[in-house]
Amino acid sequence: MSTRWMSVLSALAWLWLFAPMLWMWPSSRSALETVVSGLLFLFCLLWRGTTRTAVVILLLAGCSFLGYFFAVRSAPDEFFWYSVLGSNPTEAWEYASSYRINDAALLLGWLLPAIAAALYLWHAAPALHNRWMRRLAWLGLVVWALWIAVSLVKGYSMTKAIARVENVYPLTMVKAYMDYQSNSQSLYTIPKVPAPVAPPMVDVLLVVLGESSSAHRWSLLGYQGNDTNAPLQAVRDQMVVLPVTTNGNNTGKTLPVLMTGQRMHPLPAEGADTYLDWAGAAGFHRDSMTNQMAAGFVNLALRQRSEKFLQLQDGSLDGALTQHFSNSLAKGPKPLLITLHMYGSHPRVERRTPPQAARWADPYDNSILYTSTLLADWIQQLDALPHVRAAVVYASDHGQDFPVCGGSYTHGVTRSTYEVPLMLWANKALRQANPVWWTNLQHMQSAAVDAQGIPRYNTLLMADWLRTLLGQTASVQQPAAGAASASSLYPPQESSSNCGNWNDRVQELHPAAVR
Ligand SMILES: [Zn+2]
């Protein structure tokens, strides 16, 4: 082969390694970014050592970009690093095996040629023999030198300098890592919380952080399929439950917002206060148990801001939480805040339910039924406590895309992913002591969706409720105006016509979602 053709082949192989963004979002802009990125890094092909290092990095980066994209439909952001650095092999494998077949095929569609391209470049290195190609490569180096010079002259920080080139593939990932790093400073910061303005309304409070449960499949919220909330029907009149919009489609984005009731991107440098801090300020003993290893704000906060913290073996069935809950209930001093962080309904839903509890053909419905069984059990244990005011607050972090939108249950961008159940149960003593509060909650419940069937509230409501229960804000004493009648519009029909990207609506419905 002539050196010219070898150079052309090398250039094509090289560009292919830069193509993951184009693979994720085919558009002229992605195509341009691919070509520009490839040209800027073309200098790597000038030498054998840099060629070989570069192809290995590009293969790994491509796998990360596409692997993450097909799991959560986003380019690697800071939550990618939270997930990667805090995950374990079992969970990673479950994610991998929960892929839709066509997503896996798309991933391989890039990866197999990429491996071939990398092998070719590895053996051909240094592969740029054509004079024009070499000139282009050197030109790229000149651009980088200019970037360094400008950054130095203008006194940019590393973060700012990298931000200038974050659209150059694969530097997005470096930028995301730096965001993750700088945020990890504020992650550890626990802000000072003001003393409660009112006495706490409860003596025992259970907060359940759910996982991957969509409001669209809650029978209590109108789902007409299986009675997924059957175990909770007996206590229906002791609870309020409504569908709310969540701010994102993955745990890293959504749980911190549930816990703090505020925007978490970027993380407030002075630290973010959580319901754990409000409880601490009110003198609560705090026990937290988690069945998830996800790194980042949530587990750190639970660990740092609880008197007792317990991490179960990742991916255990959620029933394993019950024994620890009962223990804590029996031994924990009052007032008491218990947090249970469930594994819920993901990523392989059929594995989230003990076989004997799998009642229906639909594994997702089964997992919600199982969650309901556990919630009912925990409620029952709380209800049996004498002489205390007790409450349970449950919300799911995000939902899932449904099979009607292609493949299996998976993290996605359709409406069912962005609407989650928010539930509050109150025992008799608590309801009787606060009749106006209780009536207002019921009004809220009956006006939970608007005339178009869209949830009126978002997940910030959970923190509102918790602030009131813990005395950070005083409970309203005036009865709210009469509410609209319950809507029969919820949930929307499950059909392939409802599989569009709901993210734009979420931007309107949830202040913490705004990009
Ligand atoms: Zn999640």
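**Exercise 1. How many residues does the largest nonpolar core have, and which have the most contacts inside it?**

Start with the ground rules. This is a predicted model, where local features need pLDDT of at least 70, side-chain atom pairs count only at pLDDT 80 or more, and totals for chains, interfaces and linings use all residues. Residues are numbered from 1 along each chain as its sequence is written.

Step 1. A residue is buried if 20 or more other C-beta atoms lie within 10 Å of its own, exposed if 12 or fewer, and partly exposed in between, with C-beta atoms placed from the backbone. A nonpolar core is a set of buried Ala, Val, Leu, Ile, Met, Phe, Trp, Tyr and Cys residues joined through C-beta atoms within 7 Å.

Step 2. The largest nonpolar core has 89 residues, and Ala391 and Val392 have the most contacts inside it. Helix H15 (residues 363-383) gives the largest share, nine residues. Helices (H or I, at least four residues) and strands (E, at least two) are DSSP runs, numbered from the N terminus.

Step 3. Look for another core. One of 47 residues lies apart, and Phe18 and Leu128 are among its members.

**Exercise 2. At what angle do helix H4 (residues 48-72) and helix H7 (residues 101-124) pack?**

Step 1. Take the geometry. The angle is about 180°, and the axes are 10 Å apart. Axes are lines fitted to C-alpha atoms, for helices over the stretch in contact, and angles run from 0 to 180 degrees between N-to-C directions.

Step 2. Classify. That makes H4 roughly antiparallel to H7, a label for angles over 145 degrees.

**Exercise 3. Is Gly155 buried or exposed?**

Step 1. Locate the residue. Gly155 is in the loop between helix H8 (131-153) and helix H9 (158-164).

Step 2. Apply the count. Gly155 has 8 C-beta neighbours inside 10 Å, so Gly155 counts as exposed.

Terms used
Angles under 35 degrees count as roughly parallel, over 145 as roughly antiparallel, 65 to 115 as roughly perpendicular and the rest as oblique.
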